[in-house]
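Here is a short briefing on one protein model. Keep the sequence and the structure open while reading.

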Amino acid sequence: MGRGHVLYFNVGNKARDFLYKGCVNQFFTHNHILRSPSITRTTSTALYSHSSPLVSNGFAFFRLLSFTSTHRRAPDPDDPVNLMKEDGVSVCSQMWIENFREPERIATNLTSYLRRFELWVLAYQKVSADDMGAYMPRSSITRSALEDLLALRNAVLDNRFKWGARLHFFIKSPRDKTDYESLSKRKIKAILTTTQPAPFQDKIVQEVLFVILEPIYEARFSQKSFAFRPGRTAHTVLRVIRRNFAGYLWYMKGDLSTIMDGLKVGLVIGSLMRDVRDKKVIDLIKSALVTPVITTPVDAGERKKKTKRKYQKKRVLAEDEPKPDPYWLEAFFGFAPEEAEKVPSWGHCGILSSLLVNVCLDELDRWMEGKIKEFYRPSKSDVIWNSPEGEAEQGNTSWPEFVPTSGPDKTRKMDYIRYGGHILIGIRGPRADAATLRKQLIEFCDQKYMFKLDNESLPIEHITKGIMFLDHVLCRRVVYPTLRYTASGGKIISEKGVGTLLSVTASLKQCIKQFRKLNFLKGDRDPDPQPCFRMFHATQAHTNAQMNKFLSTMVEWYRYADNRKKVVNFCSYIMRGSLAKLYAAKYKLRSRAKVYKIGSRNLSRPLKEKKGQSPEYQNLLRMGLAESIDGLQYTRMSLVPECDYTPFPSNWRPDHEKTLLEYIRLDDPKTLEEQRSCMREQGLVSPQDYISMLVWNYKRNAVVMDQLPLLKSGGSIFEKDQQLLTSNHENHDQKTKEEEEIEEGLHVARI
């Protein structure tokens, strides 16, 4: 053993422990602890050199490790890896729970959430998925991207972040490979003066603000608004109308969509500060609204140049470039109704714009809720609404109960719904009340939003004329049911009655208009399908698959329409005729009749070289050796599903809100105490308590007792539980040997 080893073993216990800790710290900590080049070079030279004094002098080795351990750097608090202490989704979940637990609490300290680096990483993943078309897991984010993201967060916190930057960025998109420092003056001028997409870093800041603000306002928003909110779609609006708007004679439809073009900054900030009092967040949103957006006006000459048709080479997508929307989805988006067509975009707010619109219009929703309570007057002779509160309905107002018409002794009631910038008000009562409400609504919008409305923009229409909303027509259908009842003496009397039902019907006229806009047909009275030349170079199988997806979405869109079968069958007729004309031009078959003769009614047989007529193809298809082509769906009305009349609850909430409220209720200690007291009153034993009894008895008696005789014995359940809990050695010793043998036999049998 050398001199160094002898010195090492002669060191005391404290020094030996210190030496061991120094070795562990040097070799098993993260690489960033040893960032100093001099220290790294000294340790590597000393450890790997054969002529090193460490081999001959163990004390020098001890001094070296002592020196490096005392100069070891502490973990950097600003290191991106160290800042990700929790998952971003769990942070968001906690925010939703806190805001739904106390929905009236004013948010004052949101800067603490802005500091949470987990939210910035989550926003980066979301924006990257939108930008690249693929989800990026947290483990795939590079170290440089995390450092840039941290720099962006610090710039936002230090008020150094500027909206709409064009050349200087804290972080760039993974797809952006442009070297902005080496650009020419012409390109720089074009970037600074022309319309450009929103910077990647702006989208990240918008997403972080949206993640922080959405749970705050979703817990406060009215139940009467349904646009730009999670879980509240256009289908929800149609179901609410069918459920709550039956029995109303006068309807008022208003278009406030000009608010989506923008409001005064002071009005928006004032609406925000009703619930949010954090200066950092308010200043960020205010600067996003105030900062001008650079846009390039398009001249008429440039428009003509763009419309001029020329040959375009087929573009190949890059590996990290997102795929464009498929044709069927693009066509379906063209079917967006007027109420859902406009999406707000305020300044540099981006995704925040829709949330800010709902924040501003929430005051209108609250005002209308107050008017609904003021307007309500119940009547005892009403078969539907006769309770003082107006919420407890005595019957189903939509189906199949019959709503009586209005009169002097009938109930006066009103309801309201808002989808984006469009409102719908149903009134049961005289028309004069509707005119008074319209006047008050015009005054409110003028005072609150400085928005001028007139009688033409808020028309009052009777239900018999039909009210268009979300491309569906609301109308009244009169039915004459036979009412049978038993009179005095047991005689059954049958009388003819009169009742009305609210009908929600898809507008065929609006459907034709949308198809004409997409160039699928021409003409109004006798619509003629036009060939779909966008799919000219696609195969027959791919074209049929695209149109089937489009038809499937149309079937889902008209799910709650009374005439679902009729309108979907019309859509199928237009799509089938359009494809037949396309195939006739593509395969030179001259007419649709020849296309249907070769390809069959649903175009499932191959039209290329007229293979669909050959018996060889039929044999190969029967044996599974030929590729089959999916035919068009819903070619007959009997194949279209019926309208969905599933009952809609009056106090409906989206699934995520119900889950949140249920979790908050179960997490409340009062709920747990109520459940325990209820179990004690009923003499029940929870599975957890029963397992605790078994374990406790096993520990006390050191023998697994057979509880079966106790459970089979007479007496109340409460007495059995007490017997299980108080069983001990004394009552165990009192048992006879026969009972012990029986128990042992049962125990062995169970084992």
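**Briefing: sheet, helices and cores**

Helix H13 (residues 234–244) lies across E5, E6 and E9 and runs at about 165° to E9. Helices (H or I, at least four residues) and strands (E, at least two) are DSSP runs, numbered from the N terminus. Angles run from 0 to 180 degrees between N-to-C directions, and axes are lines fitted to C-alpha atoms, for helices over the stretch in contact.

This is a predicted model: local features need pLDDT of at least 70, side-chain atom pairs count only at pLDDT 80 or more, and totals for chains, interfaces and linings use all residues. Residues are numbered from 1 along each chain as its sequence is written, and side-chain values use heavy atoms, with hydrogens and water left out.

**The sheet**

- Three strands form an open sheet in the order E5-E6-E9, with antiparallel pairing. Two strands pair if DSSP finds at least two bridges between them.
- Strand E5 (467–469) and strand E9 (499–506) are the edges; each has a single partner strand, so one side of each lacks a neighbour in the sheet.
- On average, neighbouring strands of this sheet are turned by 35° against each other, direction ignored.
- Strand E6 (residues 472–479) and E9 run antiparallel and are joined by eight bridges.
- Opposite Thr500 in E9 stands Val478.

**The H7–H9 crossing**

- Helix H7 (residues 88–101) and helix H9 (residues 117–132) have axes that come within 8 Å and cross at roughly 110°.
- H7 is therefore roughly perpendicular to H9 (65 to 115 degrees).
- From H7, Gly88, Val89, Val91, Cys92 and Met95 meet Glu118, Leu119 and Leu122 of H9. Contact means heavy atoms within 4.5 Å.

**Nonpolar cores**

- The largest nonpolar core has 151 residues. Such a core is a set of buried Ala, Val, Leu, Ile, Met, Phe, Trp, Tyr and Cys residues joined through side-chain atoms within 4.5 Å.
- Helix H19 (residues 352–375) gives the most to this core, with 12 residues.
- Among the residues with the most contacts inside the core are Trp120, Leu364 and Phe515.
- Beyond four places in sequence, Phe515 has contacts that include Phe335, Phe550, Phe570 and Met575.
- Another core, of six residues, lies apart from the largest one and includes Ile97, Phe100, Leu660 and Ile664.

**Asp325**

- Asp325 sits in the loop between helix H16 (300–307) and helix H17 (327–333).
- Asp325 counts as partly exposed because its relative accessibility is 46%. Buried means under 20% relative accessible area, exposed over 50%, and partly exposed in between (1.4 Å probe, protein chains only).
- Not counting residues up to four places away in sequence, Asp325 touches Glu330 and Phe333.

Note on methods: Angles under 35 degrees count as roughly parallel, over 145 as roughly antiparallel, 65 to 115 as roughly perpendicular and the rest as oblique.
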